[in-house]
Amino acid sequence: MNQSIDDRMNPNPGRAKNKGCESCKTIKFCMNSWLDKNAVDAMERIMKRKVFSAGRKIYRRGNPSQSFYVVQSGTVKVERILGDGRHYVHGFYHSGDVFGIESFCHQSYCNDATALDDTQICAIERSQFELLSATNPQVQKMISQLISSELRLIEKRLIDRYLDVEK
């Protein structure tokens, strides 16, 4: 069977609740909150819900980046181990947060993502998302906003680190 890396990494394939976006408790925080009902329905058709137990890797640095993710419940830590062995934490992601967005720019993930507790996520395959966004301007705008938010977060971290060094 030819499974994607995401399916092989899922400790409980098919065990996630088949809960639609409309009934999801995180919809008001999720990227779907930016979309109209038709776009939400289209997104829901391409999302795959997955469950990861605490400590399980969602993806590893260097794995092919086929999907990005939305946290439905739980907490995800995204980090990179530097050449000298230090851990650089990129961020902690909670309900409604999007992570793995580097899948749009790179062929492989730049960091490791780990479930810190029992975590449910929605995986969105990049190829299916690109097809959807080609026909839906709302989805195109949403991804631009997500990438812009990620860039602002990175800029804030860089400024904060610079100010820490200056002290």
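Tutor: Two strands are said to pair if DSSP finds at least two bridges between them; strands (E, at least two residues) and helices (H or I, at least four) are DSSP runs, numbered from the N terminus. The model is predicted, so local features need pLDDT of at least 70 and side-chain atom pairs count only at pLDDT 80 or more, while totals for chains, interfaces and linings use all residues. Residues are numbered from 1 along each chain as its sequence is written, and side-chain values use heavy atoms, with hydrogens and water left out.

Student: How do you know that β4 pairs with β7?

Tutor: The definition asks for at least two bridges, and 4 bridges join β4 to β7 (residues 112–115). The two strands run antiparallel, and A113 in β7 is the bridge partner of V78.

Student: What makes β4 and β5 a pair?

Tutor: Strand β4 (residues 76–81) and strand β5 (residues 87–93) share 6 bridges in the antiparallel sense, against a requirement of at least two. E79 stands opposite V89 in β5.

Student: Why is S65 called buried?

Tutor: Buried means under 20% relative accessible area, exposed over 50%, and partly exposed in between (1.4 Å probe, protein chains only). S65 has a relative accessible area of 1%, and is therefore buried.

Student: What places the buried residues of α3 on the same side?

Tutor: In helix α3 (residues 126–135) the buried residues are R126, F129, L132 and S133. They cover an arc of only 125 degrees around the axis, and therefore lie on the same side of α3; the arc is that of the directions from the helix axis to the C-beta atoms. On the other side of α3, L131, A134 and T135 are exposed.
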